[in-house]
Amino acid sequence: MTSANRLAVLGCAALVATTAAGCASATKAVTGGSGNNGPITLGTVNVTSVLDPAGSFDAGSWLVLNNVFQSLLKFPSGATTPQPDAAKSCDFAGTDAMTYQCTLRDGLKFSNGHPLTSEDVVFSVQRLLKIKDPSGPASLLSTVKSVEAKGDSQVVFHLNAPDAVLPAKLATAAGSIVDHQVFPADKLLANDQLVGSGPYKIDSVEAMPDSDTHAPGKITLSANSQYGGQFKLQNDKFTVRYFEKPEEVKEALDKGQIDIADDNSLPPASAAELKQNQLAGKTDFKVNEGDSAQTRLLMFNTKDATGGNQAVRQAVAQLVDRKALARDAYAQTVQPLYSLIPAGITGHNTAFFDRYGDPNVAKAKKILSDAKVQTPVKLSIAWSRGMAGNAEVDGIKKELEESGLFQVDLRLESDWTKYKEGWKSGAYQAYIATWTADYPDPDDFISPIAVDGGAFHTGWDDPRISHQLVPDAIKQTDRTAGGDYTQIQNTIAEAAPIVPLFQFKSFYVAREGITGVENTVDTTGVFRFWEVGRSKK
């Protein structure tokens with residue numbers, strides 16, 4: 001997925017019982033600050049298009065869904081394993097990770113007053129799998145063979161293969177419980193008609209100005225009076241504003257139009273300057289910084305003649321200078337990444353560095369020569385939004401072309417929805433995007449990305465990974481063990497269908513008087529609106 005940050009974690013989803021004791025119509029967006037007593041407003045560049053849980057699988061939508069819908073389980077602040085949310089208890093039946101059962105809390109209701117029962121849970125899962133939207137998260141629940149309701153409060157999942165990670169998957173927005181009386185069973189619901197049972201309800205969805213895709217530009221939420229969960233709200237109104245460029249977020253922050261800049265939504269130079277000013281006591285903004293597992297990746301369309309040539313991909317991996325890009329394009333707000341699984345997550349290694357080492361033109365030339373690839377290779381790289389703007393892609397283009405081995409054409413697609421459609425349809429040879437894990441487990445940096453083409457539709461698949469190594473890895477009930485992930489990443493480094501570039505640092509900025517942001521910046525990457533409040537003067 002492309003969602004908020006994912007920080008360091010030791011593991012999750014152990015095979016133990018989990019109990020509750022542990023834990024309007026679309027119009028054009030308008031400009032307006034939140035003021036001293038208005039809703040708390042967060043600005044983000046993580047734009048989205050679809051909010052229905054069955055069709056949304058990106059950071060911009062999950063940012064909202066995690067606060068509007070309940071799941072059976074959730075990651076509370078500071079937790080590294082999922083805890084009951086709509087459920088009061090969940091556990092695996094037996095030790096083979098093939099049957100998972102949950103008991104719901106009593107008296108849960110949706111924001112429209114409809115009761116939330118096991119029927120809604122079953123409907124939500126079956127609907128997700130039936131619709132199987134190409135942009136949705138159905139792949140996360142691919143191990144679910146069937147799900148059944150036992151009475152109003154019990155739900156049983158029967159799996160087609162052992163999946164010790166299922167609890168963590170259900171704790172994501174993919175596990176959002178929807179109202180079976182409102183949501184159609186076979187198609188997506190409009191953004192402004194969504195109904196959930198989470199801490200907030202959606203009051204309005206306003207379209208992005210000058211957008212022909214009706215992508216949300218502003219979502220206004222308020223406290224859900226029917227909410228029966230355990231989280232205490234520190235505010236009763238919250239607004240999310242979506243921006244096309246980091247520079248627009250910075251301008252809105254300076255003008256007082258937003259209270260919080262979302263994770264990595266500011267230009268790198270501005271973020272670095274704010275950090276330095278805070279250290280020097282020269283700013284009223286508070287910087288909340290931490291480690292992040294959000295990653296930046298360069299993908300290849302392996303069904304394309306150029307992108308499908310392994311030697312071409314390996315040569316690019318041999319030439320990209322991550323350290324220089326981190327310095328020149330990102331002002332050191334990122335760190336070089338040499339594997340799909342980032343540092344701080346179990347299973348991380350340095351597979352790409354181990355194979356390719358530092359950038360080396362001679363080695364790249366030999367790779368292409370041995371494969372009888374004529375140079376310079378004409379390569380088109382597509383990109384959309386990003387913290388560093390043109391600096392990142394310009395830097396990559398320069399590094400590849402200065403080798404004399406590549407002739408690079410950069411293709412900007414400013415519309416995020418069209419960009420996603422482009423990589424799904426195979427319109428690009430190579431393209432850059434950010435991956436934000438759905439749950440803090442090594443599996444979520446492998447299965448959704450590198451199996452059967454993955455969420456980025458690279459077209460690449462290695463049967464050893466998809467049919468043997470990944471199924472074996474997700475059987476492991478001890479999620480702190482690296483296991484098969486080392487071999488998986490070494491295989492990916494050799495084939496290079498995806499070249500990892502960077503691992504971001506988590507970076508939120510809040511204006512004076514905003515409290516609680518630090519409580520939501522943790523290993524799960526879920527931004528909890530309810531934790532944020534205003535200091536009382």
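1. Lys237 is located in strand 11 of this predicted model. With a relative accessible area of 46%, Lys237 is partly exposed. Beyond its neighbours within four places in sequence, Lys237 is in contact with Pro39, Ile40, Leu221 and Ser222. Between Lys237 and His114 there are 22 Å in space, C-alpha to C-alpha, and the two are 123 residues apart in sequence.

2. The aromatic side chains deserve a separate point. A pair of aromatic rings is described by two quantities, the distance of the centres and the angle of the planes. The count for this model is 22 aromatic pairs. One of them is formed by Tyr100 and Phe157, which are tilted, with 6.5 Å centre to centre and 45° between the planes. Because Tyr100 belongs to strand 6 (residues 99–104) and Phe157 to strand 8 (residues 154–159), this pair ties together parts that are 57 residues apart in sequence. Both partners are buried: Tyr100 has a relative accessible area of 2%, and Phe157 has 0%.

3. Phe231 and Trp530 make a stacked pair, because their ring centres are 4.6 Å apart and their planes stand at 15°, under the 30 degrees that stacking requires. Phe231 lies in the loop between strand 10 (216–223) and strand 11 (237–242), and Trp530 in the loop between strand 19 (514–515) and strand 20 (533–534), so the pair ties together parts that are 299 residues apart in sequence. Phe231 is buried, at a relative accessible area of 14%. Trp530 is buried too, at 3%.

4. One aromatic cluster takes in Phe57, Trp62, Trp416, Tyr419, Trp423, Tyr428, Tyr431, Trp435 and Phe456. A charge over a ring is found elsewhere in the list of contacts: the charged end of Arg355 sits over the ring of Tyr356, 6.0 Å from its centre.

5. The second largest cavity holds about 70 Å³ of space. Phe157, the buried partner of the tilted pair, is one of its lining residues. The rest of the lining is made up of Leu72, Val121, Ser124, Val125, Leu141, Leu170, Ala174, Gly175, Ser176 and Ile177. Helix 2 (residues 118–131) gives the most to this lining, with 3 residues.

Key: Residues are numbered from 1 along each chain as its sequence is written. This is a predicted model: local features need pLDDT of at least 70, side-chain atom pairs count only at pLDDT 80 or more; totals for chains, interfaces and linings use all residues. Side-chain values use heavy atoms; hydrogens and water are left out. Rings of Phe, Tyr and Trp (its six-membered ring) pair if their centres lie within 6.5 Å; planes under 30 degrees apart count as stacked, over 60 as edge-to-face and the rest as tilted. Helices (H or I, at least four residues) and strands (E, at least two) are DSSP runs, numbered from the N terminus. Buried means under 20% relative accessible area, exposed over 50%, partly exposed in between (1.4 Å probe, protein chains only). A charge sits over a ring if NZ of Lys or CZ of Arg is within 6 Å of the ring centre and within 35 degrees of the ring normal. On a 1 Å grid over the protein atoms alone, a cavity is a set of points where a 1.4 Å probe fits but cannot get out, and a pocket is an open set with protein on both sides within 12 Å along at least five of seven lines; lining residues have an atom within 4 Å of a point. Grid points are joined across faces, edges and corners, and a volume is the space filled by probe spheres set on the points. Contact means heavy atoms within 4.5 Å.
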